[in-house]
Structures are given as C-alpha cells and as structure tokens.
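This report covers strand pairing, chain contacts, domain layout and the nonpolar core, in that order.

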Amino acid sequence: MADTVSKDSAGTRGELSVSRRQALLALGAAMLGGGQAYAQQERRRNGPWKQTIPSLDLKLVRRITMGLSEYELGLVAQMGYDGYLEYHLDHLAIDDSALQSMLGTYNSLTMEPWQLYALGGTPALDLTDAQILRSALSRRQLYGRMVEFWTDHFNIYIYRGECQYLKIVDDRDVIRPHALGRFPDLLSASVHSPAMLVYLDNVTSKRLNPNENYARELLELHTLGVNGGYTQTDVIEVARCLTGWTRHGSAAGTDRGRFYFQASNHDNNAKRVLGVDIAANGGQQDGELVIQILAAHPSTARYIASKLCRWFWGESPPESLIDSAAARYAQTGGDIKAMLRVILARESLALAPMKFKRPYHLAVSALRAVKATINSPATLRSVWLPQMGQTPFRWVPPDGYPDSKEFWMGLLAPRWNIGFSMFSPGINGVSVSTTSLLQGANTAETIANRINYLLFGGEMRPPDLAALKKYLLPDPPSATRISDAFALALASPSFQWY
Amino acid sequence: MNPEDICCSEYRNLSRRQFINTSSRAALFLASAPSWLPKVAFATTPGIQRDVIISVYLRGGSDGLTMCVPYADPDYYAARPTLAIQPPGPDPGDAIDLDGFFGFPPAMASLVEAFQNGDLAIVHATGSVDPSRSHFDAQRYMEVGKPADPEVNSGWLARHLLTVPPMSDSPLRGISLSYGMQATLSGAPKSIPIPNLDAFGLTGNNSTMQSRKSWLDEAYAWADMALSAAANDTQRAIDLLEQINFANYQPAGGAVYPSNSFGVGMKSVAALLKADVGVEAVHLDLGGWDTHAAQGVLSGAMASLMQTLSSTLGAFHADMFATSNTNFIVVVVSEFGRVVAQNGSEGTDHGHGNCMMLLGGGVNGGTVYRDWPGLAMEQRFQERDLAITIDHRDILAEVVAKRLANPNLPVVFPDYVPTFRGVVEG
C-alpha cells in the first residue's frame, strides 16, 4: 500500500483512506520516537536555550495546560513530573491574583441572577471574554482544562433564551466550584441549575405530559452514557421525577432566575427508575433520589472515566485505563482529582498518543506561546474564534464541542491565519513583541532555536525546525522574516498537536 | 471484510484511467462566462454524466408530521390537538394540498412550485431503522449509512466519492459547508470543511504570501497523513475558490435567497455549481429542529425553520433551472422524526419515522412516495412514533446508482440490499 503514497501524486493521496489507519499508527509511533530522539540530540547541541526538560515532563505540561509557556516550562523544570502534577491538582493553592484583578472589570460575573436579566447582551459577552482571559492567563491551568471539560460535558448554549443570563450563574456556581471536586456534587449542582433546566426545556415539563428532553440527555450525556443500560421507560420515569423542577419567573423579584420546585406541576405518583422504586408523594425528593441513583450507578463511573481518559490520554484509551479510573470513582465516591491521578500517572501518559488541538486550544496555545498581551479579548471572541468554529458557550446541541481530530482536522486555514494575522498586521486588542521574545537572538540558527524552545519546549519536529531556519536565511534575518517565522511555527504541523 | 478495504481497492483500479483534456469544451466555457466565473477549467472524465449531490441535514430531528402533513389521517388530529396543521381550506393557516392525502404547511409554500413541476419528491414514513432516540447515535448511524454498527467510521457519501472516478481533475471534490467535517462526508477524498466559500484564504504579510504557502506545503508534506492531505486540499481549495467572485454572484430566474446562513450557503453553492469547477458533493446542515417545547408550526420556531428551508430550496430550484443547469440533486434528511402525540410543552419529543425530500432535474417528483403505516396507537413504532416502512437507504441507494452513476452500493451501504422505488430517473 505504501507504494501508492507519494508526495507528487498530491491529487490522489487523500483518497487512500483505506490504509490510513495503519499508516497513521505507524507514522504516529515513528514521530513520537523521532521527537524524543531529536530532543536529546538538540539538548546536546548549541543554542542559548538548551532544553533540559525530560520529554515526558513536557508532555504532561502540554496535556494539562492550554499550551506551553516559558513560565510553565520553568515550573516543570523545577518541580519534575510528580511535583508539577500535584502543584496543579492543588489549584486553590496557586496564586491567581493577577488574573483575578483583570477579571474585576467584568461586573456581571459576580451578580445575582435577577440583576443579570436587566443587562441585555452584556453578561454573555463578559463571560466569553473572561473565559478567554482565564484560559490564556490563569496560573491554574489544569483547573482551566477541567472547567473546559465540564463546560462541554454539561453543555449549555448561551443564546438559548434566558441562558444568556443564567449561564453566568451556572459557570460560577456549578462548573467552577466543582470542576476538581466530586462528580456527585457537580451533577447535583447541574440538575439544580436554572440554566440547564431552561436549556433542555425542563422548565415547561409538567405532570401528565412530561417533556423528555432533559431526562434523556441527563441519562445519555451527563451520567450513564448512551449504552449505559437505560430504556425509553427510564427516560419517561426520570422526566416524571423532574416535573416541577424550574426557576423563579419575573414576578419573583430578587428571586428571579433562582431554582424553584413548583409542586403543582410535579407528578406525585409512584415511579420506577433503573429498577429502583420511588414511592408516591415524594415531591422534590423524587429528583434528589434520581441524582443519587445516577451518581452511584456503575455506568456513570465508567462513562465519566472514559470521557476523562479521552480528554487527557487520547481518543482511544486502553480499556484497562478506563477500568482503573472507573474503579477510583467507585472507591472515592466520584473524586475527580483521584481519577486524574490515575489517568495522568507517569506510566499511563508515557503511552499516550498525540492529541489534535481543538480550535480554541490552538488559538489559546498560540497566545500563550508568544506571551501575547491581551488588552481586550473582544476581537478574538467576535472574529477569530467564530472563524475557527469554536467560541466558548456557542455549541448548540447538548453534547458539547467534539473532541475528535476527524471533526476538526479539515479546517486548517483559520488555524494558520490566527498566527499569520497576529504577527501581520496584528489582531485588535492583542500585542506581541518579537524583540522581547527573542532575547537577543539574531541569526537564523538562534532565532529558530528560540522559537523551538518557546513553542515546543525544544521538541519541534526536526524537518519543521530545519525548514524554519532555512526560511529565516540569509543572516541577519529581516524583521518580516522573523515575524513570519513565528507565525509559520504556529502554523506548522508540530503546533497542531499536544 | 472491512468495507473501507473494498472501496479502496475499487478506487485504485478506477483511478488508473486516463483523463483527457477536453480543450474545446474549456474554450467554449471561457468565451461565454460571466464575470464572476473563474478563469479555470479542468479536464473532465469523458463519458461521465453525474449529478452533483447536495446533502442537507436537518439536525435535531425534524417533525415530519408537520413538514408534510398527513391531513387525511384522522389519528393525526387526535394526537396533535394544538400542534396540527388543518386540512386544505380557505384559511391561510390551512395545509396546501399535495396529493389528496398529504399537504404542506404554509411555511413550506415556497416548494409547491418545484413539487408541481415534478422536480421535488417527498418520501414519507421513512428514515433510519436504527431504533435509537439519541440524536448523536441516530445521526451517526444514518450518516455512516449502516445502523447499529460502531465499527463503520466513514460517511456514506464519502464512500461514494471513494468508489467512483473523479468527474474531473479538480483539486476539490467534496465540501462540507461547516466548521468541522460532518460525518456524511467524513473520510472523503479531496474534501474539506469550508464554512464560508466567499472567505476562504490566507492572511498575513502580502509580500511573503507565496513563500509562506510554499513553506506550509513543504512542512505538511511530512505531516501525519490525514493532516497532510487536509493541508494540501486546503491550499488547492484556496487557489481554486479565490478565482470565483461569490460576492458578486447574481442568481438567475428571479431567485431570492434568504439572508441567513443557510440561504447564503446555498446561494454560494449555486455559484459554485455554475462555475463548474469539478466539485461533486456538498454537505450542509440546517440545525434547530429539536422542538421539545413551543414548537410553533404556524409561527414560531419550527415555522421559521421550514420557511428558511423551503424558501432557500425554492430559490435554488429557480436559480439553477433558469440556466438549464439541472444536473444536481438535493437530498434532505434528518436523524429521526418526532413522537406522534405532542407533549405538555406544546412540543414533541424524539420519535422514529420521518419524511425526506429529493430535489433536482432527475427526480421523479410531484409525488409523496409512501407505504403509509397509519398513526393509530397499534400502528405506531413502539406504540409511540411514526413507523418506518421505507428504509431511507432505499432512496439514497437509488440516487447513488442512478444519478451518481455508482454501482458500488455494497460499499456505500454495507450489508444492505436496497429496494428501488422509482424516485429518480435513470
């Protein structure tokens, strides 16, 4: 099969999808091996930014952050693999005051629900801008990756009616407090979240004729998984248990937008959910019981474990790793940190394949790598992320943005363009200084090595690095060539993965 | 045997054929071309007459009982006390009769002409026989073209492209008009997602554009194979699409497309087809059909979606037929229909059977094809949903065989023997 793959038959290369799977596996393995060998070779070589960080440690940084930065490289060099992981797991101990003071300008983030309704379009924009700043600048990077994960898992499209106000509360009071806590607490908070109840139509679900929308996605997407062993009858029974779960309306004054159990809409007859009998007249307790049943269900442990493995390890995680993470869920009552320690253990991550960055990850990792100063994220939010197809809180269906290379890999043009535009003519609200990034490097060789360190921790693919040096020549490289070199490195194949 | 293995050996045999440059055709094309057309022409494969296929996916599970109303079935009215479209009559909210049994709701009026002209066919009580009521499983199995098989990953339309010789040596055979590759086209050769045909290019310093493009070509030649193919397709698509002036495209036949993204998307597809640059398949989505609450069949959420769908396809029909370019077929599907009985939120939950639509010059239109199962409780799928009496693969397979000139149906729809219903000519 390999003989049909040749560079000059570019027109037919893409058609050989047959052998793609095997070729990919082989190629992936070769590239990983090559990258490590190259990194060692590079460490022996010249350049003022000798890379001394072990390859596996770099991989950990790439996996648990939104992209390498010189700051994180410094931390991992100092702490080593285990120390760095524990540092990020203890997120509240990390000083994030610089970011917090930046976020102080977004008043809506701290408001009560009733106050948000009066603000029109501002809260949704504030939340999105804050999300971009947090992803790019927060010191609590693993925490940020978990917030992103749960934001997708409990996806809410922010422009579904009142969600444009209530998602601010959901992000603040549901996702963020529990992102590295216990899954049962997170689940319970989400089921009580007015934004979720609005988004999936539970607010109009009434006894006699319940709305199945939320009940189905609660089972399929949030807890058991589509093959988790529930039936259509279970969907209806869960919907009945949740009838009356809504939020206060505009007549409630300062309670507007808060969770509210409307007993008159609740189906108080007996129910049976996943084999468990729920007695009549339980009122709100029916729903509380459903949360307990779902959180304790082995399918939930396994489903959450498998999604976490896909997020941090790769798209096809080994069954044994999923089993171990699910077992930790069962042992610890759904302790998210305990599961992450299993998935991110040194021996597990050592075997993990490369992952393809989603567009948001790509954009943020570019900002981080070149130490971009973000004076305003508005243009990133309104122009760049929409062009790339991944603005936070804008995925309409309830399954969250896909985490799959098949889905995202085809749209490369905007991924290349964000780097190109950042360096020429620039992106509004974002500034980058090549002079300060270069720290005196002024030859093709030293500039390329400096870029290699900043963007890849020294692990840029050898052919990409060689091509970058070639692009910068002749010495001394012109200002245009230098800014192009940064942009091309951001657009290079190496930078598309983490 | 893995179906992907079959299709590839199939393709390798086919791809050995020689493509001949039909220069006289190209010259004619350039002489008569309006200004927005590109100054390019590709060698075509002689003897191949195929429709360009436009696959439209209604994400969310469209309510087929509203899109094509079975007004002569009394059980429909019993199940939909406040969400039914009334039988044809004098009121502007009444159904528009199609065949004495089915009718369009007012919001679908823009497609009546195409139906009456015989260019639009509807198939009812159809869909994917996979029983899942999960959006995501149902979409997946419909798009890969095989129910309940998690092992098949490529889309049915991708496997079609893989098993026919290209219509020309165009660098771009398939486009998913979206930010990510939609599953229907996933794995297709020379195919990428392009969200906006009118704005697909590279930015950055103009003076180094060509050297940066070359640098990327070289770097991506060494990349992971799928990524390398995507990069190459991207660069060649940019070169191609930059030559078409989509912004100045003037629709023919007085066609007016809606200004929303679906309307603008189909308008750009019309320009693309008329430019004749060798694109063979386009996929686009119209989302928002998951109408669990406040469905709004006369005015409101669903009416507005139907309006967008019908006025866009109506404009596309007028636009394309006015220039005699009828070698296209539009196929409209959705993952499932909705439950027969409405819920307490003035909406409908996930169901099973649905309707689908075909539009094009080769369609045996003016007919609602069906084997109507009825809507009484005992006639429903699981005593709940419209039953499926026509597997949607029967319809798609007939389109693939007759309009797309592809005999490799066992690869496109693995482990299925379709029954043709006469929905298209050929």
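Seven of the eight residues of strand E1 (residues 52-59) of chain B are buried, so the strand is largely enclosed by the rest of the structure. The model is a predicted one.

| Strand pair | Sense | Bridges | One bridge pair |
|---|---|---|---|
| E1(B) and E8(B) (residues 328-334) | parallel | seven | Tyr57(B) with Val333(B) |
| E1(B) and E7(B) (residues 281-287) | parallel | seven | Leu58(B) with Leu286(B) |

**Chain A: make-up and domains**

Chain A contains 26 helices and six strands. It has 498 residues, of which 53% count as buried. Among contacts in chain A with a separation of 6 or more, 69% come from residues 24 or more positions apart.

Three domains are assigned in chain A: domain 1 (97-298), domain 2 (299-349) and domain 3 (359-496). Between the C-alpha centres of domain 1 and domain 2 of chain A the distance is 24 Å. In the contact between these two domains, domain 1 of chain A contributes 16 residues and domain 2 of chain A contributes 13. Helix H8 (141-153), helix H10 (183-191) and helix H14 (285-296) of chain A each provide at least two residues of the domain 1 side. That side consists of eight nonpolar, seven polar and one charged residues.

**Nonpolar core**

Which residues have the most contacts inside the largest nonpolar core? They are Ala325(A), Ile343(A), Ala363(A) and Ala485(A), in a core of 271 residues. In soluble globular proteins, nonpolar side chains tend to be buried together.

With neighbours within four places in sequence left aside, Ala325(A) is in contact with Ala305(A), Leu308(A), Cys309(A), Met339(A), Val342(A) and Ile343(A). One of these partners, Ile343(A), is also listed among the residues with the most contacts inside the core.

Methods: Residues are numbered from 1 along each chain as its sequence is written. Chains are lettered from A and ligands numbered from 1 in the order in which they are written. This is a predicted model: local features need pLDDT of at least 70, side-chain atom pairs count only at pLDDT 80 or more; totals for chains, interfaces and linings use all residues. Domain bounds come from an automatic or database domain assignment. Two residues are in contact if their C-beta atoms, placed from the backbone, lie within 7 Å. Helices (H or I, at least four residues) and strands (E, at least two) are DSSP runs, numbered from the N terminus. Ala, Val, Leu, Ile, Met, Phe, Trp, Tyr, Cys and Pro count as nonpolar, Asp, Glu, Lys and Arg as charged, and the others, Gly among them, as polar. A residue is buried if 20 or more other C-beta atoms lie within 10 Å of its own, exposed if 12 or fewer, and partly exposed in between; C-beta atoms are placed from the backbone. A nonpolar core is a set of buried Ala, Val, Leu, Ile, Met, Phe, Trp, Tyr and Cys residues joined through C-beta atoms within 7 Å. Two strands pair if DSSP finds at least two bridges between them.
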